[in-house]
Amino acid sequence: MALNLSQKHEVVAEIADVASKAQSLVAAEYAGVTVGQMTSMRKKARETGVYLKVVKNTLAERAVSGTEFENVKDSLTGPLLYAFSMEDPGAASRLIKEYVKINDKLKAKIVSIGGKIYPASHIEVLASLPTRDQALSMLARALSEPAAMFARAVKAVADKQGGGEKAVVEAPAEA
């Protein structure tokens with residue numbers, strides 16, 4: 001169904017708003033993807049904070065003008081599915097990578113993050129980035145590890161000198 005001019009303006013405005021807030025963009029060729037697979041992909045996208053849209057390339061070019069994804073304008077050819085990661089930079093890549101396993105006709109074509117465009121092979125790199133929760137967990141572990149090592153060293157010294165837990169437990173019993 002063809003869009004009239006006002007509908008096209010609405011689509012461009014919507015995508016421009018999303019692109020201005022997005023952290024990464026993955027464009028994939030979707031020819032050969034079934035309706036059921038596309039519906040499943042859209043549902044998963046909503047759950048993972050990915051904005052997924054099939055739109056004409058000319059409208060997408062206008063929408064990304066003035067955003068950090070403006071560099072992809074020359075690469076937008078063929079039937080493309082646009083996946084913008086809103087919260088987690090790797091979310092769109094993980095989504096596309098997951099559905100490439102289900103349907104080999106879905107092919108990543110463009111990966112863009114931080115104002116730079118990368119070849120489709122970089123979808124693996126972006127998909128392997130940790131989520132925000134995973135990154136915070138890794139940071140907490142890295143920050144707590146020196147204190148844990150110090151505590152183990154102090155305990156080892158106390159055990160070696162014959163103090164340790166037995167002396168602590170026996171001391172209150174004698175008093």
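In this model, which is predicted, Tyr51 and Phe84 are both buried. Their rings form a pair whose centres lie 6.2 Å apart and whose planes stand at 50°, so the pair is tilted. Tyr51 belongs to strand S2 (residues 50–54) and Phe84 to strand S3 (residues 80–85), so that the pair links distant parts of the chain, 33 residues apart.

Phe84 also pairs with Phe69, in an arrangement that is edge-to-face. Phe69 is buried, as is Phe84, and because Phe69 lies in the loop between helix H3 (57–64) and S3 while Phe84 lies in strand S3, this pair ties together parts that are 15 residues apart in sequence. The structure holds 2 aromatic pairs, and Tyr51, Phe69 and Phe84 form one aromatic cluster.

| Aromatic pair | Centre to centre | Angle between planes | Arrangement |
|---|---|---|---|
| Tyr51 and Phe84 | 6.2 Å | 50° | tilted |
| Phe69 and Phe84 | 5.8 Å | 70° | edge-to-face |

A further feature is the packing of two helices. Helix H2 (residues 35–48) and helix H4 (residues 91–102) pack at an angle of about 155°, with their axes 11 Å apart, and H2 and H4 are therefore roughly antiparallel to each other. The crossing in which H2 passes H4 is right-handed. On the H2 side the contact involves Gln37, Ser40, Met41, Lys44, Ala45 and Thr48, which meet Ala91, Leu95, Ile96, Glu98, Tyr99 and Ile102 in H4.

Conventions
Residues numbered from 1 in each chain as written. Predicted model: local features only at pLDDT ≥ 70, side-chain atom pairs only at ≥ 80, totals over all residues. Heavy atoms only, no water. Axes fitted to C-alpha atoms, helices over the stretch in contact; angles between N-to-C directions. Helix = DSSP H or I, 4+ residues; strand = E, 2+ residues; numbered from the N terminus. Parallel < 35°, antiparallel > 145°, perpendicular 65-115°, else oblique. Left-handed = near helix turned anticlockwise from the far one by under 90°. Contact = heavy atoms within 4.5 Å. Phe/Tyr/Trp six-rings, centres within 6.5 Å; stacked < 30°, edge-to-face > 60°. Buried < 20%, exposed > 50% of the residue type's maximum accessible area, 1.4 Å probe, protein only.
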